Amino acid sequence: MPETAPKGLARLAFGGDYNPEQWPESVWQEDVRLMREAGVSMVSVGIFSWALLEPAPGTYDFGWLDRVLDLLHENGIRVDLGTPTVVPPVWFFRAHPEALPVTADGRRYEFGSRGALCHSNADYRAAAANITTKLAERYGDHPALALWHVHNEYGVPVSACYCDSCAAHFRRWLATEYGTADAVNEAWGTAFWGQRYGGLDEINPPRLTPTVGNPAQALDYKRFADATIRENFRAERDILHRLSPGVPVTTNFMTALSQCDSIDYWAWGREVDLVTNDHYLITDGRRTHVNLAMAADLTRSVAGGAPWLLLEHSTSGVNWQPRNPAKSPGQMARNSLAHVARGSEGAMFFQWRQSRRGAEKFHSAMLPHGGTGTRVWREVVALGAALDDLSEIRGTRTVADVAVLWDWHSWWAQNLEWRPSEDHDARERADAFYEALYDRHLTVDFAHPEADLSAYPLVVVPALYLMTEAAGRNLTQYVESGGTLLVSYFSGIVDEHDAVHEGACPGVLRDVLGLTVEEFAPLLKGDTVEVTGPGGTGLAADVWTEFVVPRGAETVWTYADGPAAGHPAVTRHRLGAGTAWYVSTRLAADGLDAVLARATEDAHVPARPDLPRDVEVVRRTGESGSYLFAVNHTGTDVKVPLDTPGTELLTGENAAGRFEVPAGAVRVVRLDG
Ligand code: GAL
């Protein structure tokens, strides 16, 4: 079994991407001195260094990296060492121009940024294996080495290439998946629009077409692209395992950022030794701490509940959004500790020292341009100390209350063209349901639709358009044996090939929900409807309505107006020992909360009216004890009730009864007993 925790790291991880190659060596001494001052325990090195390590084909210069690793080791700082395969040197592309990726409309990218790669390209694969081997041979047992960091953020900025090597590779992939062209024809429904293939050799990637292409082909190409990138990760990982045994291998994910929706992190979670994640606040007007909590919960879930590590976030503003606000005082620590509450074994940043040159010079860092006389630096030093106070929580696991189903393949299918309404956005529904659960102070595990759900009293399905028969059976069994299910509209519609399940919608969910949907009736932009329910309560909805025909389900809310006026809007179905709820329209936040109130009652999930809004209370438990994290995102001091007294680890104070969490602060209580 490969190791899963960074080797030799006796504390929570704290540090960042360290790019000493951007600075004269005279600066390095100051770097390590300040790292020690801040309590840095680990840094990520060498992620973009291929051009320096191999300045010409087969000519290597490891001297500078030797000195960096030795210096870090002498100063007790562990190293997360990158394989630099996300940016091959320019000489490589001049020798192999076809390793630059091609877009669906046939344009080839040029060298000069990062991540411009064709993952099917044999020369790239050979060169990546070579530099990885060289690094593993040289540093595989270096005393500073704690973790291998393969590549960087696979899947961005290029998620798929459409060149001729990819076409050939796609045909090989199809041969393995389907065997014959006939099987592909069947799966893709090529009888439609005369797209039948006589042989696998006639098939190309889904390149530019004058109007919408075959959806099942597009969906398979997403699967193929993800699998191809994963092949390259595995090749590097296996070299590292062989030459550097005992050192875990990771690659940094971006689980909940919609910038990277081309990677099936369920599959990737099984490939890495330690799940690591990068998370940046997206400032689009929504509550950023909710998206952060969601990303952390999702990351923990792809790690199978095991501890994971936040490998990158920012000390303050980023520089790649239209507007990049600075974090407010205290926000960096609150962000960091909110990740830790949800299972991260530390908090790392991009990057250690703010660059003077290049594309990211306006991105915040641990050590800003202004040096140590800055607020950011003072907060960095304080955070290092706080994380040290929390060392004992390492290895404990976050406890979840409910599950939300999540599946990248379903999104890929849902986001293809020509759907009933372009206003329906599966990710928006996932965010909205997550937010509704967050506001009820419930900790969420995400689960694959075919996973064992028996541990959860409530399972929420925000918008899972693609659902296999196995997933349908799984949900039916879950309800029959006592679970409570809450499903949102346009779920369970198609199978793994984007073919509508036989019979009335929602195919594999008909029986468990006790209904059929006769027709979708999406609304025009800006139109709203009202649904009325128990006690005449009216809830606002928009985007989507439909004609639901109950077949065993009872109607709880009814459309008061709009195209489906008089028809059921929200239903409840008792099946076996459990209950299945269905929401057929896009409810606003108060509507979702009203339905959740009923569903959580069925599931016997207790309400938490004693907790203020925007105050997170999350637990981690394990051998070392049970810990309650209280994160106060509000501007006022709040009281959080404790069932069990304990010791607050950041202040050392006793905590009992209703204990105070100051405005914007985090408290972590080791519970007695
Ligand atoms: C990450 C990336 C880093 C840096 C950072 C800036 O996605 O891995 O190298 O670019 O974004 O926010």
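# Domain interface, ligand surroundings and backbone features

Proline 157 is found in the loop that runs between β4 (145–150) and α6 (164–178), and the peptide bond that joins valine 156 to proline 157 is cis, with an omega of about -5 degrees. The model described here is predicted, and its protein chain is divided into domain 1 (13–156 + 222–393), domain 2 (402–603) and domain 3 (615–671).

**Interface of domain 1 and domain 2: extent**

- The centres of domain 1 and domain 2, taken over C-alpha atoms, are separated by 37 Å, and 26 residues of domain 1 are in contact with 22 residues of domain 2.
- The size of an interface is often given as the accessible area lost when the parts come together.
- Between domain 1 and domain 2 the buried area is about 2100 Å², and carbon and sulfur atoms give 56% of that area.
- On the side of domain 1, the residues that lose the most area to domain 2 are Arg223, Trp266 and Met294, which together account for 31% of what that side buries.

**Interface of domain 1 and domain 2: polar pairs and composition**

- Four salt bridges are found by the rule across the interface of domain 1 and domain 2, and the rule also finds 15 residue pairs in polar contact across that interface, with both residues at pLDDT 80 or more.
- The elements that give two or more residues to the side of domain 1 that touches domain 2 are α8 (215–243), α9 (265–269) and α10 (288–302), and of these α10 gives the most, with 10 residues.
- By residue class, the side of domain 1 that touches domain 2 divides into 10 nonpolar, six polar and 10 charged residues.
- Aspartate 445 forms a salt bridge with arginine 300, in which the closest N and O atoms are 2.9 Å apart.

**Residues around the ligand**

- Glutamate 153 places a polar side-chain atom 2.5 Å from an oxygen atom of the ligand, while an N or O atom in the side chain of glutamate 360 is 2.4 Å from an oxygen atom of the ligand.
- For tryptophan 320, the distance between an N or O atom of the side chain and an oxygen atom of the ligand is 2.8 Å.

**Backbone features**

- Most residues other than glycine have a negative phi, and most peptide bonds are trans.
- A cis peptide bond joins cysteine 505 and proline 506, with an omega of about -5 degrees, and proline 506 lies in the loop between β14 (484–488) and α16 (510–513).
- Histidine 441, although it is not a glycine, has a positive phi of about 60 degrees, and histidine 441 lies in the loop between α14 (426–439) and β12 (444–447).

Methods
Residues numbered from 1 in each chain as written. Predicted model: local features only at pLDDT ≥ 70, side-chain atom pairs only at ≥ 80, totals over all residues. Heavy atoms only, no water. Domains from an automatic or database assignment. Contact = heavy atoms within 4.5 Å. Buried area = accessible area lost by both parts, 1.4 Å probe. Salt bridge = Lys/Arg side-chain N within 4 Å of Asp/Glu carboxyl O. Polar contact = N/O pair within 3.5 Å; in protein donor to acceptor, adjacent residues only side chain to side chain. Helix = DSSP H or I, 4+ residues; strand = E, 2+ residues; numbered from the N terminus. Nonpolar A, V, L, I, M, F, W, Y, C, P; charged D, E, K, R; others polar.
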